[in-house]
Amino acid sequence: MTSQALPQPLVLVVDDDAMTRILVTEALEPEGFRLAEAVSGEEAITSFQYGAPDLILLDVTMPGMSGFECCEQLRRLPGGAHVPIVVLTSNDDDASIGQALAAGASDFIAKPMQWRLLAHRMRYLLRASRALAELTRVQESLSHAQALARLGNWEYRIDTGAGYWSPQLLRILGVAPDTSPASFDRLLACLPEDQRPQLLDAFMGLHAGAGSYGLEHRVLQPDGETRIVFHQAEAVYESGRLALIRGTVQDITERKQQELRIEYLANHDALTGLPNRNLLHDRISQAIARTRRTGLHLATLVLDLDRFKFVNDSYGHPVGDALLQAVSSRLKMAVREGDTVARLGGDEFVVLLADLVDTRTAEDVVQKVLSMFIEPFLLGEHSLHISTSIGVSEFPADGDTGEILLKTADAALYSAKDKGRNCYQFYHPKMGVLMEERADIEHALHQALARGELELHYQPKVDLNGGQIYGMEALLRWRRPDIGQVPPDRFIPLAEETGLIIPIGEWVLRTACAQLHAWHGGGFPHLTMAVNVSARQFRQMNMPDLVRAVLADSGVPAQCLELELTESLLMQNQELVVRDLKQLKEIGVTLSLDDFGTGYSSLSYLKQFPIDVVKIDQSFIRDVTDSVDGASLTKSIIAMAKSLNMTTIAEGVETQGQLGFLNTHRCDAIQGYYFSRPLAGSEMGMLLQAGTQLPPDSCHAEPRQRVLLLVDDEQNVLSALQRALRGEGYRILCAGTGQEALELLAIHPVGVIVSDARMPEMAGTELLRRVKGLHPEIVRIMLSGYTELSSVTEAINEGAVYKFITKPWDDSLLREHIRESFRLHEAGPQRLDAGHDGAPRVAMADGAA
Ligand SMILES: Nc1nc2c(ncn2[C@@H]2O[C@H](COP(=O)(O)O[C@H]3[C@@H](O)[C@H](n4cnc5c(=O)[nH]c(N)nc54)O[C@@H]3COP(=O)(O)O)[C@@H](O)[C@H]2O)c(=O)[nH]1
């Protein structure tokens, strides 16, 4: 801003002498000043409060209030501290000058005044006053800024040794303002001892020619508090010589603490406080570097808790978290101070063992780590037995970087898990190949379903009460192009891990039900289909909803679908599992427990679940003929299952001896290579058509009860037939109409039907035609008088009627024909069809053929 732009300055002239006031006015007004007048000190005070003059000319000798007193009062008024006050004194009155300056005057002018110079003097004073005001403002604002930035500054003059510390620096150092010299030594003394050499070196560096320094250090305040500061200083040269060193000290404690917290969080696991993956990688790199130098050994242990998921699911996440914390404490106890225990996430921990004398020591520590899991973990009211599996890799044999060491230890962990729980495994190169294979399978599995590479095979289940196939188990197969069949054990766990089990599991259920529906329609209406559902699959899918939808879409009756569940499934979150299993039972499906005996559950534990069938695991069956344990365990499973109203099926039956054992001990059914391996759908169809069954001497002594259906609209005929057949051991069902007969056939495993020819609504011929279509395996016998022979002949020729018995019948012949028909039925469908092409099949049961 230029001087012209400034408003005209207002000068207050305070003098009891009118002449002086006039002369001042005449000297200043033409020079651009405005003038105000006061004739006394009192008037000057009032005038100042109202007029806010820019400058005051004050006579010292006035009646009433003296100029000195007036000056003092003006200084105390708001806005009066900085206004320039020029006192008018006599030329030789040195005492008054001193007194006026002491009273706060800014300057003095001796009378008589040089009027010509007065305006210049006034302007100069005003400029000086403004500069002073600006300087004060800048100082205040700097002081505020320094306080805000927690930034103090200091100066040190080399020639005089004089120094200056700003108030903010004093605050940072925790030092009260005092008269002690603001020397560099005193500043140095504010640092903790261990950090003083660092600052001293930097300071000496300035003396030696370095232009500046900047360093971070701590200061120790007298009350013991430590602050962290960023300290900068520079050398100032005058005439080529070092004259001054000045510096700033900024308190960065809070920022530093935040940085440290952020750094901590970035490097540690929040739940356990253990180093995380980030920090672990650093530690491994350091350990590798040290091992290279020392020639000692380094081992990396990767641990995974066994059944941690089960703990989380069953007891909830707070218990899971507490378990992880307890595990981290035990792991720290198992290793030395310098070793690292880290958590990579979930239930995966890493222990880094550095400076080992040899591999044996690593093995000893691994054993020690395992032993840390012997005692149960006490978490609130829970006492949990938890074990861990450990994979171990060593530097440099198994990898020369942290990444590779973790990868190889991971491969070893997989192998340890494969071996079973609670064990460890050192890395071997062939495990790396397995890991790569795993990654490859995972990649290909993503496309397998869409590319139609999955298929189902079916393994028959055979009823030991008669030896017939009553159902089958669907077993998933993956035919990888160029590679061939991948066993389900190799890809189902991966499908579970990746979530692919959801679409794959649905595909299995739909495909199995569609195939079953086709077989039902193809003459095997009582077949059942078992589908495997793993624990993870059950958890990830809404099984009741899916089963409802698939049954509705496929048209398969619920009773014909069986779900094979695993024990681990029942050990999951019990409430939810029981709820879903109950829903499945309401739908009507059969629930069976797969691989029974391999898990932890006892049969009595199973009572709480709505399980219908127990599948005895093949590991027991393998031993039944040559191991007392295998035999007695299998016998007790069969006995206990029966006592709980569950049926039993033995899986993995491979030999006649095993079959004989199971038959003798009344196992209900068998499945295994002895009868048939899992077959492709078409092969299974052929096996069904062939009516393959176990030889009668391999089955229970009494064959399955024969079911006979009698159909006649006359009750007395039905009664007479029942009387004639009493004692034959049949289960006899009776129907009064064709419709009623069809309904009974849908529900019961009827082997032979005997129907009257002449009935209202549906004639016997029509009924047997329909039975042929719906249940071709049932042997159909017509009961009729000679008069209906012509209509019956047609049905006979169509194959709808297998035998024709005339009324009135001969009881003993009737019994013989029906026995023969049952034998035919039990021989299987191909025997029934054998008589189709021209062979005589009409028998006259009254003696007529
Ligand atoms: N969740 C799903 N799991 C499935 C599905 N399909 C199969 N599986 C499970 O994979 C495991 C391995 O199955 P697989 O290789 O098919 O082996 C089965 C039979 O082939 C085999 N078996 C049958 N009889 C014998 C025999 O006499 N000896 C012998 N050594 N092995 C035999 O046993 C397996 C049958 O297992 P199980 O289910 O326990 O009855 C297996 O755990 C399958 O459950 C699927 O669609 N979903």
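**Reading the model**

Reply: Start with strand β30 (residues 752–756), where aspartate 756 is found. Helices (H or I, at least four residues) and strands (E, at least two) are DSSP runs, numbered from the N terminus. This is a predicted model: local features need pLDDT of at least 70, side-chain atom pairs count only at pLDDT 80 or more, and totals for chains, interfaces and linings use all residues. Residues are numbered from 1 along each chain as its sequence is written.

Me: Which feature does UniProt place at Asp756?

Reply: The unreviewed UniProt entry places "modified residue: 4-aspartylphosphate" at Asp59 and Asp756. UniProt positions are given in the numbering used here, feature names are shortened, and annotations may be inferred rather than shown by experiment.

Me: Is aspartate 756 buried or exposed?

Reply: Count C-beta atoms, placed from the backbone: a residue is buried if 20 or more others lie within 10 Å of its own, exposed if 12 or fewer, and partly exposed in between. Aspartate 756 has 24 others within 10 Å, so it is buried.

Me: Which residues is aspartate 756 in contact with?

Reply: Two residues are in contact if their C-beta atoms, placed from the backbone, lie within 7 Å. Beyond neighbours within four places in sequence, aspartate 756 is in contact with Val711, Asp712, Asp713, Val717, Gly764 and Leu783.

Me: Where is aspartate 59?

Reply: Aspartate 59 sits in strand β3 (residues 55–59). Aspartate 59 counts as buried because it has 24 C-beta neighbours inside 10 Å. Leaving out residues up to four places away in sequence, it touches Val14, Asp15, Asp16, Thr20, Gly67 and Leu88.

Me: How many residues surround the ligand?

Reply: A residue is near a molecule if its C-beta atom, placed from the backbone, lies within 6 Å of it. Here 24 residues surround the ligand, and the closest are Leu476, Pro488, Asn532, Gly672 and Tyr673. At least two shell residues come from each of β19 (469–480), α16 (488–498), β21 (528–533) and β23 (590–596).

Me: Now the backbone. Which peptide bond is cis, with omega near 0 degrees?

Reply: The bond from phenylalanine 395 to proline 396. Proline 396 lies in the loop between β16 (388–395) and α14 (402–419). Another cis bond joins lysine 807 and proline 808, with omega about -15 degrees.

Me: What is phi of serine 239?

Reply: Near 50 degrees, a positive value in a residue other than glycine. Serine 239 is in the loop between β9 (226–238) and β10 (241–251). It counts as exposed because it has 5 C-beta neighbours inside 10 Å.
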